[in-house]
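Work through the following exercises with the sequence and the coordinates at hand, and try each task before reading its solution.

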Amino acid sequence: MNTNETNYKGISETAKRECKHHGETLFRKTNQNKWVCLQCQTDIVVRSRAKRKAEAIIERGGECERCGFDDVRALQWHHTIPLEGNREEHIKLNNAGRAKAKEHYDKYCELLCANCHSIHHDDDRRLWNAKK
């Protein structure tokens, strides 16, 4: 019952199976010969990253460093030294432990609300377009 699903690019054997949370969906076989639901794995990673982000935001003061807005749903990390779309750096940061991520945020990031972050990048674009 193997499938060639395009949404999973791993090398493990895959099959459609029944998940108690997601119904019929794609599973992959682990190295321990167990079947795991790919959607359940994704859900775990998303929750873990959200929890780590919330903890880092709270440790950093829990508010925008420019205007003081404090709704954590709208707080974002602004890289003061851009990663320049370097996908490998983003992946390493996402998979880093809590201490490593905190070190990165402390060294290279400013905590901004979505509004201040958007204004900052709009100013960058205007400056860039003015130079052309």
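**Exercise 1.** How many helices and how many strands make up the secondary structure of the protein?

*Solution.* The model is a predicted one, and its secondary structure comes to four helices and five strands. Reading along the sequence then gives their order, which follows the pattern β-β-β-α-β-α-α-β-α.

**Exercise 2.** Determine in which sense strands E1 and E2 pair, and over how many bridges.

*Solution.* Begin with the limits of the two elements: strand E1 spans residues 14-19 and strand E2 spans residues 23-29. Between E1 and E2 lie three residues, and the two strands form a hairpin. Their pairing is antiparallel and runs over six bridges; one of the residues to look up is Arg17, whose bridge partner in E2 is Thr25.

**Exercise 3.** Decide whether Cys116 is in a disulfide or in none, and whether this residue is buried or exposed.

*Solution.* A disulfide requires two cysteine sulfur atoms within 2.5 Å, and by this rule the count for the model comes to zero. For Cys116, the nearest cysteine sulfur is that of Cys113, 3.7 Å away, so Cys116 is in no disulfide. As to burial, the cut-off is a relative accessible area under 20%; Cys116, at 13%, is therefore buried, and Cys109, with 6%, is buried as well.

**Exercise 4.** What share of the residues is buried, and what share of the accessible surface belongs to carbon and sulfur atoms?

*Solution.* Of the 132 residues in the protein, 27% are buried. The accessible surface comes to about 9,900 Å², and carbon and sulfur atoms account for 49% of this area.

Definitions and conventions:
Residues numbered from 1 in each chain as written. Predicted model: local features only at pLDDT ≥ 70, side-chain atom pairs only at ≥ 80, totals over all residues. Heavy atoms only, no water. Buried < 20%, exposed > 50% of the residue type's maximum accessible area, 1.4 Å probe, protein only. Pairing = 2+ DSSP bridges. Areas by Shrake-Rupley, 256 points an atom, 1.4 Å probe, with all protein chains shown as cover.
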